[in-house]
Amino acid sequence: MQQGGGSETEVTWEDQQNINKFGRLNNRLHELEDEIKIAKETNENLEDSSNELILTDEEVVRFQIGEVFAHVPREEVEGRIELMKEANGKNLEKLEQEKDSIVAQMAELKKILYGKFKDSINLEED
């Protein structure tokens, strides 16, 4: 126990829960940023593939399914790529919404924790 006018603030159970929640949210934020990056790259790749299909004269093209390339009619491939772009776009939108929610929750926790602990706590990344 500290005597005198020290600046130590007692950490309550609730404070510890908020600190732990902030840490979990921060970890999820980093995971989401990676997932968003991959989804954006996938979107670009699908867009490139779609553009390449427009330029080809072939009626049957090679389409990768898993580890195998199959000869598939161009129109079917165009349809599949459009479906993949749509699904990936919806996924990207969902990831962005989750990221926005987490950023808002983290801002609220920062306000609470910095309000109580001032300079005694560091919630910023270097």
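The structure is a predicted model, in which local features need pLDDT of at least 70, side-chain atom pairs count only at pLDDT 80 or more, and totals for chains, interfaces and linings use all residues. Residues are numbered from 1 along each chain as its sequence is written, and side-chain values use heavy atoms, with hydrogens and water left out. Helices (H or I, at least four residues) and strands (E, at least two) are DSSP runs, numbered from the N terminus.

**Helix H1**
- Helix H1 has 43 residues and reaches 63 Å from its first C-alpha to its last, close to the 63 Å expected at 1.5 Å a residue (the expected span is 1.5 Å times one less than the number of residues).
- Its buried residues (under 20% relative accessible area, with exposed over 50% and partly exposed in between, using a 1.4 Å probe and protein chains only) include Asp-15, Phe-22, Leu-32, Leu-46 and Leu-53.
- E1 and H2 are among the elements that cover the buried residues of H1.

**The hairpin**
- Strands E1 and E2 (residues 68-73) run antiparallel and are joined by 6 bridges; two strands pair if DSSP finds at least two bridges between them.
- Val-60 stands opposite Pro-73 in E2.
- There are 2 residues between the strands of this hairpin, where Gly-66 takes a positive phi near 65°.

**The largest pocket**
- The largest pocket holds about 290 Å³ of space.
- A pocket is an open set of points on a 1 Å grid over the protein atoms alone, where a 1.4 Å probe fits and protein lies on both sides within 12 Å along at least five of seven lines; lining residues have an atom within 4 Å of a point.
- Its volume is the space filled by probe spheres set on the points, which are joined across faces, edges and corners.
- Of its 13 lining residues, Ser-49, Phe-63, Gln-64, Val-77 and Ile-81 are the closest to the centre.
- Helix H1 (13-55), strand E1 (60-65) and helix H2 (74-117) each give two or more residues to this lining, and H1 gives the most, with 6 residues.

- Lys-85 belongs to helix H2 and counts as buried at 17% relative accessibility.
- Not counting residues up to four places away in sequence, Lys-85 touches Asn-43, Leu-46, Glu-47 and Ser-50 (contact means heavy atoms within 4.5 Å).
- Phe-117, also in helix H2, is buried, with a relative accessible area of 6%.
- Leaving aside neighbours within four places in sequence, Phe-117 is in contact with Thr-9, Glu-10, Val-11 and Asp-15.
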